[in-house]
Amino acid sequence: MTQHPVNPAPRELLKLVVVGHVDHGKSTLVGRLLYDTDALPEGKLEELQAVSSKRGMELEWSFVLDSFQAERDQAVTIDTTQIRFKTDKRDYVIIDAPGHREFLKNMVSGAAEADAAILVIDAAEGVREQSRRHGYLLHLLGVKQVAVAVNKMDLVDHDQGRFAAVAQEVTDYLAGIGVEPAAILPISARAGANVAEPSPELSWFQGPSLLQMLDRFHSVTRPSLQPLRLPIQDVYHFDQRRILVGRVESGVLRAGDTVLFSPSNKTARVRSLEAWNADPPLEAHAGQSVGLTLEEQLFLERGEVLSHEERPPQLTNVFKATLFWLGHKPLEPGVKLTAKLGTARYAVEVVAIEQTVDTDSLERRRGEAVQRNGIGEAVLRSRALMAVDEAQALPNSGRFVLLDDLDLVGGGLISMEGYPDQRSVMTVRTSNLFSVEHSVSREERWARSGHKGGVIWLTGLSGAGKSTLAMALERLLFERGYQVYVLDGDNVRRGLNANLGFSPDDRAENIRRVGEAAALFADAGALCITAFISPYQSDRDRARAATERLVPGGFHEIYVAADLATCEERDPKGLYKKARAGEITDFTGISSPYEAPRDPDFVVDTGELSIEQGVERLLEFCRSRIAFDPPKRG
Amino acid sequence: MDRLDHLESQSIFILREAYARVEPLSMLWSLGKDSNVMIWLARKAFFGRVPFPAVLLDTGNELDEVYAFRDEYVESWGLSYINADCPALEETDPSLPLNSRHAARKTLGLKRIIADQGFRGIFLGIRRDEQAVRGKERVFSPRDESGTWDYKDQPAEFWDQYKTEIPPGAHLRIHPLLAWTEVDIWRYIQREGIPVVPLYFARDGWRYRSLGEKDITRPIRSDAATIEEIIAELETTRQPERAGRTMDHDSEDAFERLRASGYM
């Protein structure tokens, strides 16, 4: 009889990671799963029995995975290993993750690509340090489906009470990090109890066997229903076509779509999707590697993120991140690294460590540094604008890794809470603009004023004394014959910026307009003093750029330094009290960050100086910086 | 997207990452089924071209059908091809078992071609399911100047962020097929119509499941004469794929030693 086998369709594959404290039985469980699902290659069991007896040991299931000589001798799993088995429903690949603390980077490497996890906990020992740490990391890495296997039930006489106690302990911990386990099961991996089949000794347990539980998980796919994100990998010019390539991380891209590139903020229309040895596709879904051509010839590079114009990524040069740190030296303010987000790379600097997380107690502490293998919350800044997403909304484009020289030393999830999207303030909406030459030159204006035009930009916390200083300085300068004017919150919020509120975006726009208005004063030959908290360096840098465009060297950033405690004690308008009471949201210093100037032109410390002393020093500074000697006329 | 679509897309992503970040590159083309799939994926990733050379580590000992296949497809796929001659058996580590020494000729050939051409990245078609030691590999796996694999201290690799930065003199082994299985490879060959050396198909009750050199590769008992039959056979077999590759079975750690010293 001739055989004509018809091959069934390829089966679904679920990637599974097994984590837990050292010696709680992870490798043993994996070995047992392979045996129970008939997945051991022929001769493997005999080989293991031979190796075990050669070493004078009983059959050790974990030897299935510990295939390295070095590991057998040390009896420790060193790296992640991938092993496959199948059930009636689908195929599985198991990533076995090591439990020793110093091997965190390997555990992370294995677990990050898993669809689901088994957290193995020793019934006698209960939840231990690495049970918690691994649980926490699963959450950070984005593994959402978790089954808890309470192992070695044979060693606690299959005691129902002991199981209930461990189950409660693990439920409490996981609840603290927002993880709800799909199931908590009593098993004995060594004896095979409740792994594939229910066991008579565990007859009091009504739930599924571990294998049944695994079959209930679903494999994770990239989300087509989310906003479009396609990080550009490369631009090819192999023939007359100019093809942009990359993988769709979320959403759907169609030929003919108008797309936006970030951070360059350019738009273009997609002419075609490209493929080799196939008809050009009309659309590409999340997960697909694609090529595309554009109607317009834009200069674009690797690292740009393609999106639709609606719901684009945010642009920023600062963000907050919850991160795990694998570097040898502590992560602390001032440390310079490279952040890789998708295909983009940015030079970043740690601005602040906001807190560190103790994975044992889940306690969050004020911290100065995140130690090796630790977890913490940090603020990172880059000089260049970055295209980012909130990790909570779009996990694939809201996460990044950190590179120290050649080595990957950490990974984190992005939060933009409290930071403005800078796209709105950088977008030039007007077009067809031509600048016209004035008929009066800058020098002519300065000669008439008797001094150069410029901007004295005061920044500092609320209550630091900016307005008081500004008004006193204006008076002194005016009396000495200077053309001087103060822009203050009150005089711009009522008119120029009457349409703005206090959200991070509105606050950024408020500062942008003040920066532009101040620049015009400076260009007109006047000295403009501004008194705004202006908490973000990026906003102040933009204000500087606005002035420098018209009056090179005309911008002076003054840090009105007074620490939070001092300002809160002064609290001239009672705002800190309200903010502490939660009546004001996004209040700088309390619920929203203040970034002290990195490189101010002048510092006035009002915590140490009186207002009179401060104004006097500022006056000296102004006179030296804006002095103007008119050219002698022939 | 089904499983093959996912694998294809991921492999193309890996090929493009390497092409964007590592230079100069080459691809080891052993002429086996896996490396043909890899070439095919490269043609997809780069729109019909393979923009780096394909390298055969040639011991002069490949099966005749393999050489015939090479001559045909270098031409019809328009490959830039490098024939890298491997040093003689006498130059290999005499402490290795004999079969492993045959394999070690390729290790030496690889080191030589990397040194000659200054390659910073080499694509290899190895898969995690082939062999437990290969199961430990990273997609981007750095090697120092001597080609040594430091499997005890491998770089972190997650969220599709790969190690592309290496010190001078080092190189990267890049493994676009690491996540594929033997059955995946055959299903993909079937779906795409990728040509393979005819030795894989059974004649007179024997076929090659894995192609190596004449002296150290044996056919297996099989009646699978079509791709469909091979897939059906693989769905049920319990024989490991490399059972016919004698060098793997010299001693408990033979293959691990081979790999630590730079074998593929």
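In what sense, antiparallel or parallel, do β15(A) and strand β21 (residues 407–415) of chain A pair, and over how many bridges? Keep that in mind as you go through these close-ups of a predicted model.

**View 1. Strand β15 of chain A is mostly covered.** This strand runs through residues 314–325 of chain A. Of its twelve residues, eleven are buried, so there's not much of β15(A) left in the open.

**View 2. β15(A) pairs with β21(A).** Here's the answer to the opening question: the two strands pair in the antiparallel sense, over six bridges. To find your way around, look for Lys320(A), which has Ser415(A) of β21(A) standing opposite.

**View 3. β15(A) also pairs with strand β19 of chain A.** Strand β19 covers residues 374–388, and its pairing with β15(A) is antiparallel too, with eleven bridges. A handy spot to start is Gln314(A), whose bridge partner in β19(A) is Val388(A).

**View 4. Chain A meets chain B.** Chain A brings 81 residues to the contact, and chain B brings 61 residues. Between them the chains bury about 5,900 Å², with 52% of that on carbon and sulfur atoms.

**View 5. A salt bridge links Arg247(A) and Asp160(B).** The closest N and O atoms of this pair are 2.6 Å apart. Across the interface of chain A and chain B there are seven salt bridges, and 17 residue pairs are in polar contact, both at pLDDT 80 or more. On the side of chain A that touches chain B, β21(A) gives the most, with six residues. The residues on that side of chain A split into 33 nonpolar, 22 polar and 26 charged.

Note on methods. Residues numbered from 1 in each chain as written. Chains lettered and ligands numbered in written order. Predicted model: local features only at pLDDT ≥ 70, side-chain atom pairs only at ≥ 80, totals over all residues. Heavy atoms only, no water. Buried < 20%, exposed > 50% of the residue type's maximum accessible area, 1.4 Å probe, protein only. Helix = DSSP H or I, 4+ residues; strand = E, 2+ residues; numbered from the N terminus. Pairing = 2+ DSSP bridges. Contact = heavy atoms within 4.5 Å. Buried area = accessible area lost by both parts, 1.4 Å probe. Salt bridge = Lys/Arg side-chain N within 4 Å of Asp/Glu carboxyl O. Polar contact = N/O pair within 3.5 Å; in protein donor to acceptor, adjacent residues only side chain to side chain. Nonpolar A, V, L, I, M, F, W, Y, C, P; charged D, E, K, R; others polar.
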